[in-house]
Amino acid sequence: MKLYCLSSHPSKPCHILRFKGITMMLDCGLSAQTVLSFLPLPLVPSARLSGLPHWMPHGCSNAQLEGELKDCCGRVFIDSAPEFCVPQEKIVDFSEIDVILISNYLCMMALPFITEGTGFEGVVYATEPTLHIGRFFLEELVQYIEQTPKASLASHWKDILHFLPPPLCDSLKPRSWRHLYSLSAVNSSLSRIQMVGYDEKLDVYGALKVTPVSSGFCLGSSNWIISSDHEKVAYISGSSTLTTHPRPMDQSALKNADVLIMTGLTQTPLCNPDSMLGELCITVSTTLRSGGCVLMPCYPSGVIYDLFECLSGHLENLGLTQVPMYFISPVADTSLGYSNILAEWLSQGKQNKVYLPEEPFPHAFLIKNNRLKHFKNIYAEGFSTEYRQPCVVFCGHPSLRFGDSVHFMELWGSNPQHAVPDFPYLEALAPFQPLAMKAMHCPIDTSLNFTQGNKLVRDLKPTTLVIPESYLKPPVEAPSRTDLVIEQTDKNNIISFKGGDVITLPLKRKRARVNLSPEVCNKLVVSEIRMGVNLATLTGQLQVKDNHHHIQVLEPTGPSNQGNNASCRRPPRRPEETLSQMRYEWGSLDLDTFIQRLRDDVGIADAKVEQSSNGYIIHLPKEDALIIVEDKSTHVNCDPELRYRLRKVLLQCLNRI
């Protein structure tokens, strides 16, 4: 079994697993960290951004580089349409992939890069919420990029990487970065997905079974069980043991795996999501009371549902129910509506509300009472008339490089009354400096932290644990926190990897299941060789179809045509004839009896016996023959006619045990 790591970001995983002749992709996450090196794409022309000074490296006279790089408060940015770090393409040919397993909608953003234009002909499995919410994410991202096209694309900066200041000079393989796919590629890619349910066993070409189980991270998120008749592999990605709106994590199905591959642990190990949520609510209410507005850069689904619930309740307790909340996204309407019809994928508390009947999420109530208003964009009909301050605005993209969040950053950035929760903190805000508005860093990541991850590994008891290399080292911002790692209780039991690695996993095929037909079973004659141990020999025809093995009765093909001339030589036996007369012998050779029978029955009196390390070597000089007798096999090297006579005598001298 081999594992190929195509992604350098543990929380945006993309792996290839090869086992039993099947090539399987585990997730296809898309890292958006690269877009932080580009200037934002404003919805309306920005005099501030267009007026930034051009930057050229000292000692470089490349005229083609002119205008590609700009300086903002000492930080150099690329003035071009953003590019993304796609999974590494040259390690594995994507056309060879048989199946793709998607864990959640955050881990499928690179799917069009994998399936379109690569020769991919496999199948993609995902749950219903993963498919539909993933569509929201992909469509929103495409619309954000396409609504603000760039007149020219920058590429010459990649030729002088060593001349550039950090962090540009530290860019990882920028030539492999890609511009975003089109909406048609998104639709074609999603059409390949087959929807599955939790605990549904799926057959992969007869060789493997794959089963999704709830991971507790977001709506429809899954961990995967990959099993054969005798081996079990568990894949954990984006899981949570916290009590939120998704169905709780199913841990029992993951226990006692031969190999456990674990990724998707928290990106913010120093931040507790509960305390961050409380801090966020307090900061939002403080900002609103002072007359300011709050910008919440967000994705169109996931944690935003919990933010609506917690923040609206907090503001209601403080008497701020008159403050409107705006949700702006091209998919805002479908996201809010779809979340209320997914009862089977929700936690028990949310499911109970459906049967009352009540909406499982409070945002339906907030919309009815005009406390939450949703629009496709800032140009949507009714937004200008409904918009008032102070307010809370939820919009994308969290990177602050494209989407409606860029417009509000330009609009409110110079006002110290306003606030923006942001991630990653300094890099996302860099092109908006100098910034007067308050920035608060309140990352809310409900993924497993390292304490929960270690407990989970102890409970699941895998034979081998496979994790990213970064999970074995404390985070850079807290090098002394040795508790923020995966414990190495048994170093031989842990295998680590990093982006671009190809590792061999200690799981080898030892056995396979073979089905016997009833006719073959009826012909079996069982012999007891010792107490509790029975053996039977069989002869049949092995058929292999769709990786399933069957032994059928050997059918005769009819008699051979030997002609009427009795003196003609008999033609060679067909395999069917040979097999039908074959006997399977076993036992230990009685050497003295064999030598005696050679003298009496065959007329060979000059046999010489030499003892070897694991048996005997019998040399017959006159016949130029050699018989090698070992513990588990016997080899006869001589003339074919003599070999038949020697074999007959040898079988008569076997001691049955």
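Aspartate 483 has a relative accessibility of 40% and counts as partly exposed (buried is under 20% relative accessible area, exposed over 50%, partly exposed in between, with a 1.4 Å probe and protein chains only). The model is predicted, so local features need pLDDT of at least 70 and side-chain atom pairs pLDDT 80 or more, while totals for chains, interfaces and linings use all residues. Residues are numbered from 1 along each chain as its sequence is written, and side-chain values use heavy atoms, leaving out hydrogens and water.

The whole structure has 18 salt bridges (a side-chain nitrogen of Lys or Arg within 4 Å of a carboxyl oxygen of Asp or Glu). Three of them are tabulated here.

| Pair | Closest N to O |
|---|---|
| Arginine 481 and aspartate 483 | 2.9 Å |

Arginine 48 belongs to helix 1 (residues 47–50) and glutamate 410 to helix 11 (residues 404–412), so their pairing ties together parts 362 residues apart in sequence. Helices (H or I, at least four residues) and strands (E, at least two) are DSSP runs, numbered from the N terminus. Arginine 48 is partly exposed at 31% relative accessibility, and glutamate 410 is partly exposed at 27%. Arginine 481, the partner of aspartate 483, is also partly exposed, at 35%. Elsewhere, a network of salt bridges links Lys70, Asp79 and Lys150.

Valine 514 sits in strand 23 and is partly exposed, with a relative accessible area of 39%.
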